Amino acid sequence: MMAGLYNEEYLQRLAGQIQELLGQWNIDEAARVSLLTVSENATFLVNDENNDQRFIIRVHRPEYHSKHEIHSELLWIQSLRQQALLNTPEPLTMRDGSLIAAFEDDGVERYLVAFEFMPGKQPDEDESLIEGFEILGATSARLHQQARQWSLPEGFSRKKWNFDSAFGANPLWGDWRNAPGLDEAGQAILEQLCEILEAKLHHYGESRIDLAWCMLIYG
């Protein structure tokens with residue numbers, strides 16, 4: 001679905017809409033907007049050469065997360081920053097004090113969020129990953145602890161990830177059975193896997209903490 005949605009023409013249209021909205025974040029409207037990556041969302045790099053600044057703008061997948069759900073995610077990010085638990089990019093506030101911009105594209109409202117730019121790089125293929133996994137484990141532990149202690153703000157809303165929402169009758173990311181190239185033999189194997197996953201997850205249970213973690217990270 002995402003590959004079909006984010007074709008070259010569509011991405012150029014999104015970049016043009018971002019260009020028109022830069023001033024809302026007090027970003028130089030002459031800054032260069034370029035595509036960074038496409039997944040569920042389309043993420044763009046904004047390069048303001050006149051002021052030697054860079055920013056990230058995420059255009060959310062249409063008709064997926066509501067504006068309220070996006071705002072809930074940003075509240076969580078702000079909490080992580082306030083507690084100094086994770087070095088995560090700061091969401092940028094717009095001139096009107098809000099965090100979420102929007103524009104209409106072909107009758108569909110699209111939501112955008114801007115972040116400060118944080119430099120980084122992916123590991124080299126021949127690089128040892130031991131240190132990275134140690135950092136990842138420690139980070140995950142801090143996030144789990146934060147999920148246990150954080151009192152969710154009133155009205156906090158994120159999608160809940162469990163077996164039903166991932167693999168059930170109406171999965172949030174679509175039915176895996178519609179995957180391109182999946183033949184009957186492959187589907188039969190994956191159906192068996194789903195039965196095992198459902199049984200194991202049912203046995204594991206859904207505690208409040210586990211659900212909070214899934215809502216925060218994967219929602």
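Guide: Helices are DSSP runs of H or I with at least four residues, strands are runs of E with at least two, and both are numbered from the N terminus. The model under discussion is predicted. Glutamate 90 falls in the loop between helix 3 and strand 4 (101-105).

Visitor: Why is glutamate 90 called partly exposed?

Guide: Partly exposed covers the range between the 20% limit for buried and the 50% limit for exposed. The relative accessibility of glutamate 90 is 37%, so this residue counts as partly exposed.

Visitor: What is the secondary structure of the protein, and in which order do the elements run?

Guide: There are seven helices and five strands. From the N terminus on, the order is α-α-β-β-β-α-β-β-α-α-α-α. The C-alpha atoms fill a box of roughly 55 × 45 × 40 Å along the principal axes, and buried residues account for 37% of the 219 residues.

Visitor: What makes arginine 32 and glutamate 49 a salt bridge?

Guide: The criterion is a side-chain nitrogen of Lys or Arg within 4 Å of a carboxyl oxygen of Asp or Glu. The closest N and O atoms of arginine 32 and glutamate 49 are 3.9 Å apart, and the pair forms a salt bridge. This pair links distant parts of the chain, 17 residues apart: arginine 32 belongs to strand 1 (residues 32-38), and glutamate 49 to the loop between strand 2 (42-48) and strand 3. By the 4 Å rule, the count comes to ten salt bridges.

Visitor: How do you know whether arginine 32 and glutamate 49 are buried, partly exposed or exposed?

Guide: Exposed requires over 50% relative accessible area. Glutamate 49 reaches 58% and therefore counts as exposed. Arginine 32 has 46% and is therefore partly exposed.

Visitor: What joins the side chains of arginine 61 and glutamate 40?

Guide: They meet in a salt bridge, with an N to O distance of 2.1 Å. Since buried means under 20%, arginine 61 is buried because its relative accessible area is 10%.

Visitor: Which parts do arginine 58 and glutamate 73 tie together?

Guide: The side chains of arginine 58 and glutamate 73 meet in a salt bridge of 2.9 Å, N to O. Arginine 58 lies in strand 3 and glutamate 73 in helix 3, so the pair ties together parts 15 residues apart in sequence. Both arginine 58 and glutamate 73 are buried. Elsewhere, salt bridges with shared partners join Arg81, Glu90 and Glu116 into one network.

Visitor: Why does histidine 65 count as buried, and where does this residue lie?

Guide: The limit for buried is under 20%; histidine 65 has 12% relative accessibility and therefore counts as buried. Histidine 65 is located in the loop between strand 3 (53-59) and helix 3 (67-82).

Visitor: What makes the 3.3 Å pair of histidine 65 and glutamate 69 a polar contact?

Guide: A polar contact requires N or O atoms within 3.5 Å, one able to donate a hydrogen and the other to accept it. The side chains of histidine 65 and glutamate 69 are joined by such a contact at 3.3 Å.

Visitor: What is stated about phi of glutamate 63 and of alanine 84?

Guide: Most residues other than glycine have a negative phi. Phi of glutamate 63 is positive, near 55°, and phi of alanine 84 is also near 55°. Glutamate 63 occupies the loop between strand 3 and helix 3, and alanine 84 the loop between helix 3 and strand 4. With exposed set at over 50%, glutamate 63 counts as exposed because its relative accessibility is 73%; alanine 84 counts as exposed because its value is 65%.

Visitor: Which residues make the nonpolar surface patch, and which gather in the patch of negative charge?

Guide: Leu129, Phe133 and Leu136 make a nonpolar patch of about 310 Å². Asp164, Glu195, Glu198 and Glu206 gather in a patch of negative charge.

Visitor: How do you know that leucine 136 and glutamate 198 are partly exposed?

Guide: Their values are set against the 20% and 50% limits. Leucine 136, in helix 4 (residues 130-149), has 47% relative accessibility and so counts as partly exposed. Glutamate 198, in helix 6 (residues 184-204), has a relative accessible area of 40% and is therefore partly exposed.

Conventions
Residues are numbered from 1 along each chain as its sequence is written. This is a predicted model: local features need pLDDT of at least 70, side-chain atom pairs count only at pLDDT 80 or more; totals for chains, interfaces and linings use all residues. Side-chain values use heavy atoms; hydrogens and water are left out. Patches are made of residues with over 30% relative accessible area and no salt bridge: like charges are joined within 9 Å, nonpolar side chains (Val, Leu, Ile, Met, Phe, Trp, Tyr) within 5 Å. Accessible areas come from the Shrake-Rupley method with a 1.4 Å probe; for residues, only the protein chains shown count as cover. Lys and Arg count as positive and Asp and Glu as negative; His and the chain ends are not counted. The place of a charge is taken as NZ of Lys, CZ of Arg, CG of Asp or CD of Glu. Buried means under 20% relative accessible area, exposed over 50%, partly exposed in between (1.4 Å probe, protein chains only).
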